[in-house]
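Let's take a walk through this structure together.

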Amino acid sequence: MATIKYDNVEKTYPDGTKAIPGISLEVRDGEFMVFVGPSGCGKSTVLRLTAGLEDITGGSLFIGDRVVNSLAPQQRDIAMVFQDYALYPHMTVRDNIGFALRMMGRPKSEIRQRVEAAAGRLSLTALLDRKPRNLSGGQRQRVAMGRAIVREPQAFLMDEPLSNLDAKLRVQMRAEISSLQRQLGVTTVYVTHDQVEAMTMGDRVAVMKSGLLQQVAPPEELYERPVNIFVAGFIGSPKMNLFESVLRRDRDGGTFVTFGAQELAIPKEVLRERPSLGQRKDGPIKVGIRPDGFILTPNGSSDQSIEVTTEVVESLGNERMVHFIAQVRKASDADTRDQRTDLEEIAPDAGTSMFIARVPPYPRVHERETIRLGVNTKGLYFFDEEGNSLF
Amino acid sequence: MSNASIPRHQVMTLSPKVRDRTRIGRLGPSRLRIAVNYLVMVPVTLLFVSPIIYMFIASFKPNNEVLSGFGVFSLQDLSFNNYLSIFSRFSGSDTGTFTGFLTTSLIVSAATVIGGLVVNSMAAYALARLRWPGRNLFLLAVIALVIVPFEAIAVPLFYMLDGLRNTYLVQFLPFIASPFSIYLFYSFFAGLPKSLEEAARVDGAGAWRTFFFIMLPNARPVFATVAILQFMASWSSFLWPVMVIDDPTVRPLPLAISVYVGTPPYGWGNIMAFGVMMVLPMLVMFLIFQRWFIRSVVTSGVKG
Amino acid sequence: MFTKPKTVAGPAIASIQQDTRAAVVMVTPAFLGLLAFIAIPFLLAIFLSTQNLQFGSGLAPTWMGLEQYRRILLDPLFRADFYRALINNATFAVVVVPAQTGLALAIALLLNRRLRGMPVFRTLFFMPVVFPMALVSVIWKLIYAPDDVGMLNTVLKVVTFGHIQPHDFLGDPKTALAAIIVTSIWSGVGFQMVIILAGLQSISATLYEAASIDKASKWQQFLNVTVPGLRNTLVFVVMVTTILSLRLFDQVYIMTRGGPLNATTTVMYQAVTSAFDQGNIGRAAAITVVFFVLVLGVALIQRWFLREEREIV
């Protein structure tokens, strides 16, 4: 049984910094769990606590049935893939992969056989007698993986293993790692700052910020039902457009949210699915629209679309990114505010903000044009003043 | 490569090697320049090295010819007599033997170096990579002790080790633990990537096995540097033997030649032969391992 | 599914314990060595300097307090030798440091070209460093031989067409120290040169090219690119050479025995002769304590002076 359970695990440094105030989470046997978040959020710390490379200062960590808090890394039966691969430069690929087995004292014949099996899985057989300095980045990465899988441990821990690879290689290795993990069925904890990796590889994703878990859920759930503004803004690329709005109901029972001086009507089914929203009194509210929540040819009434002025149009062939300005104030929490793009710095005055829409290449949209942009009101996200989602 | 008029700004985009080969007046050394260079360098170097040449030549000449002005450079009367006389002059335990001097120097230097490599590298590794109570204090102590020159403790050490005089032990034991060597090893180990060691830990290697299987195989440069520096220091050691050795059978080479010069009768030819034999091992090693020697010195400079 | 944990949260005790056990074994030999052969003698020196101890006489040492220091520093009967030693050391340092460094710099500049055979020249200049100082002293003792058959005398006669008479360099108080200075510079210049050369080679070539495009002359380039780039290297070399020149002993012992008439005596030579020839351990210890304070002082002063403008790259 290779589950990993974090029971209020805490990490406070000797100088008093609380890197991890407390995390509780259970990784199921055979699950691929991704920890994701901006730099400094604590995800690498959690991994290192799991590995035993740093001490846990509070709470309990279980691997399988055992409490491992006081166990050294070598006693936890885990394998780790490091960001810089950490291959032993003076050893051949074969010896690198077999090192752990040698440390365990396994007989030579068994080591040989297991190393060759692992190498075969990762297409490394031809490289077994080379040294790391004669390998490409992708090959080194695979050797690091080989070193981990040959031990058949209870769990794999991976610390941003793809961040040193170029984009194309990254896409390819993502798929390889996912498929490998599925074949082997080993519980895996994977850390990354890249939300695309998180979304494509994880069975479940744990979003972290400032040492705290924001949400732990399968990727689709994170995308469709983010639990707060941070998760909503972090997951999905380009980022969700978030703005300050006012909730208003009129006497006919229609519910509206303002977009600057304009208004968007909220469909009845949305209100039905979100009781908290339905019960909320009129007043300030934060609203989010994903870039792909816009429609170029608006249909229906004017309360299903907004009038905006385009600033920059980026053409990517199969789609366009339309950066537009509107007289609306952006909504954010402290972290997302710091993630402002350069383009957004150009926005002329306070009270005016820059947003992004992702639309098909036709009909053509030009820069510095005032256009009418349709909004998919069924895909709106709502948050209260503290940034929590309203469901 | 043709000299054609390559515009200067385009020259800057070429690689330095190529640039040197395009002779563009001010931007590259001309043939004349190079010749002048050699014209200056060769005599200067020869002049500088002449004492060494003198020593070699004098060792093959009869004693009276050594002190005869430039006459010593004549190629007559060359022989190995001086060398042979060393072995006859130094025979028996009242004068010591040359092989005895050589053996002493070898044993003392080898013990210092080998002992030093083991003791200092282990301590440095523990300081650089292990966690243990008192680590910071010990590191501070080591750095503080680097400043203490040997001369400051020679006298009390002499007083302390009086009972061990005239042994091999007293010549190498005090020098095995060396703060500077520890510091060199320390900066090296601290400079290796931490992830290398963490991977070894995760793979099941404890402190010792990480040290042997991961750290040491990657530490060849620093081992060479420390070995060379400690060997040079030990082989030339003079002040300490002067203080603690008077028995010729355990006398090292530098002290032996000093005693030789201090006890007539001697001929300068003989002395030069002694000197040649004394320096030959080091010189040969140096010529073979030049790069390593020079690199060691430079490293100690950079770390300083 | 989960059994109640037996150990509640705490630091990874096992790994620190294992580390400590290994660390203790690894560190102990060095620790014992440093303690026994450096730390304790250091403290012992201070203690011994307060004693009146006649070595080999079988008499028990008696307390003298700061008397030894008073004698070597203040008492007209004893201080002459010590003062002379201090002056000699100071003269030596003041001459050798700039001369040897300047020479090393000049040679390094000459050698800093990508010409064939440069490594050979470099090796030759470095060779004296490999020679034990005792041997260097013996060779130069020969070169300085007094009559007109001595090598240096012969060279001088030829070069000046007989104007300079043969001289007893080591036997004349006026020239003895200078002779030792020349020997020391010859022995040590290769060491510095190699370090400076490495420093020169680490200055990016593009800086020179940019300067020459800016129409800077060779001399201007030297002042504005080379010297700043060498700053740290030169600082290091100067500091090390200064400290080494305070430790002067081997050459003096072999070539002149501190004479003639104390012309070449040094602090360390005084210490050793006090300990041996006179058996006066107390005084020898006092001298070495003063020596250490001197070295420390010089090192700190230099550090303070030269560190001020050091860039932190």
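Start in chain B, where helix 6 (residues 98-129) packs with helix 13 (residues 220-235) at an angle of about 145°, their axes 9 Å apart. Keep in mind that you're looking at a predicted model. Why quote those two values? Because the angle between the axes and the distance between them are how two packed helices are described. As for handedness, helix 6 of chain B passes helix 13 of chain B in a right-handed crossing.

Who makes the contact? On helix 6 of chain B you'll find, among them, B:Ser105, B:Val108, B:Gly116 and B:Asn120, while helix 13 of chain B brings residues including B:Phe223, B:Ala227, B:Gln230 and B:Trp235. By type, the residues of this contact come to eight nonpolar, seven polar and no charged.

Now look at where chain B meets chain C: 77 residues of chain B are in contact with 75 of chain C. On the chain B side, helix 3 (residues 31-59) gives the largest share, eleven residues. That side of chain B holds 62 nonpolar residues, twelve polar and three charged.

Chain C has a radius of gyration of 27 Å, well over the 20 Å that the globule rule gives for 313 residues, so it is more spread out than a compact globule. Its C-alpha atoms fill a box of roughly 105 × 75 × 35 Å along the principal axes. Of the 313 residues in chain C, 40% are buried.

Technical notes: Residues are numbered from 1 along each chain as its sequence is written. Chains are lettered from A and ligands numbered from 1 in the order in which they are written. This is a predicted model: local features need pLDDT of at least 70, side-chain atom pairs count only at pLDDT 80 or more; totals for chains, interfaces and linings use all residues. The radius of gyration is taken over C-alpha atoms; the globule rule is 2.2 Å times the number of residues to the power 0.38. A residue is buried if 20 or more other C-beta atoms lie within 10 Å of its own, exposed if 12 or fewer, and partly exposed in between; C-beta atoms are placed from the backbone. Two residues are in contact if their C-beta atoms, placed from the backbone, lie within 7 Å. Helices (H or I, at least four residues) and strands (E, at least two) are DSSP runs, numbered from the N terminus. Ala, Val, Leu, Ile, Met, Phe, Trp, Tyr, Cys and Pro count as nonpolar, Asp, Glu, Lys and Arg as charged, and the others, Gly among them, as polar. Axes are lines fitted to C-alpha atoms, for helices over the stretch in contact, and angles run from 0 to 180 degrees between N-to-C directions. A crossing is left-handed if the near helix is turned anticlockwise from the far one by less than a right angle, and right-handed if clockwise.
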